[in-house]
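Dear colleague,

I am handing over the structure below, and I would be glad if you could look through it alongside my notes.

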Amino acid sequence: KEPHPSSSQIMAVARIFSITDKTSGRDRICRLVQYGSKLTSWALEAKGFSVELVQKLKDLESTISTARKLFRLGKSLDNFRAALQTIHLGNPILRLIVTLIKLNRGLYLLLDHLIWAARMRFVNLQMSYWNDRANSFWMLAIFLSLLRDLYELAVAVRAEWKRLKSQSVGGKQPPSAVQVVRGVAHSHPALVLDVVKNGADLLIPSARLGLVRLSDGTVGLAGVVSSMAGLASMWKDNWKLIFS
């Protein structure tokens, strides 16, 4: 008799299908392959592997990058429309930060559409200039996302500290930093994943703009880490941050 798949295996397969069924899920998988190709080509080139193999990986990275730009056509409008919703958030700090995130991400994607059109030779552009403008908007959106993460992290840490202190003997023993961090990570997995994703993502436009000097391998690794964190956030509903 062949063993029947367990319920956990069936659920895992269902989650994989759920991710691949979504446009955002397929984009993140393509992004993982794109930056994985960048990391692998850098590593193989450093080890002296054949030029042909390295070039194939670089071509794969470039092809996926262009394809993803095509798949993102119209996404800028989604972000501008989302900004009209986030201006109604009750928390004034989140209202400002999240709305600015959506606007900057929308402007980045709008220029991304223009860059794709230039790559297809539909329009003539000074590519270096417009790439820099697009990366500036992207970097600002990521920076604001990290700022939002830090704000929510501070709120979560304060709430966890109060909770642990109230559970101590007499409510007077302050909890340790390790206890607080462990509690926040357990109760706010979406926030932890978002910090990892945005922290890794921030390195990419920063390197492209020349603000930090990073090798292609480091940029590729950052892209792989952020892509995996993005995919992980789709694995469970409570692992995705609202309005992230």
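Predicted model: local features only at pLDDT ≥ 70, side-chain atom pairs only at ≥ 80, totals over all residues.

Residues are numbered from 1 along each chain as its sequence is written, and side-chain values use heavy atoms, with hydrogens and water left out.

The structure holds three aromatic pairs, a pair being rings of Phe, Tyr and Trp (its six-membered ring) with centres within 6.5 Å, called stacked if the planes are under 30 degrees apart, edge-to-face if over 60 and tilted for the rest. One of them joins tyrosine 108 and tryptophan 138, whose ring centres are 5.4 Å apart with planes at 15°, so the pair is stacked. This pair links distant parts of the chain, since tyrosine 108 belongs to helix α5 (residues 92–119) and tryptophan 138 to helix α6 (residues 127–167), 30 residues apart; helices here are DSSP runs (H or I, at least four residues), numbered from the N terminus. Both tyrosine 108 and tryptophan 138 are buried, that is, under 20% relative accessible area with a 1.4 Å probe and protein chains only, where exposed means over 50% and partly exposed lies in between.

In another pair, the rings of tryptophan 116 and phenylalanine 122 have centres 5.7 Å apart and planes at 65°, so the pair is edge-to-face. Tryptophan 116 is buried at a relative accessible area of 13%, while phenylalanine 122, at 58%, counts as exposed.

Best regards

Conventions: Helix = DSSP H or I, 4+ residues; strand = E, 2+ residues; numbered from the N terminus.
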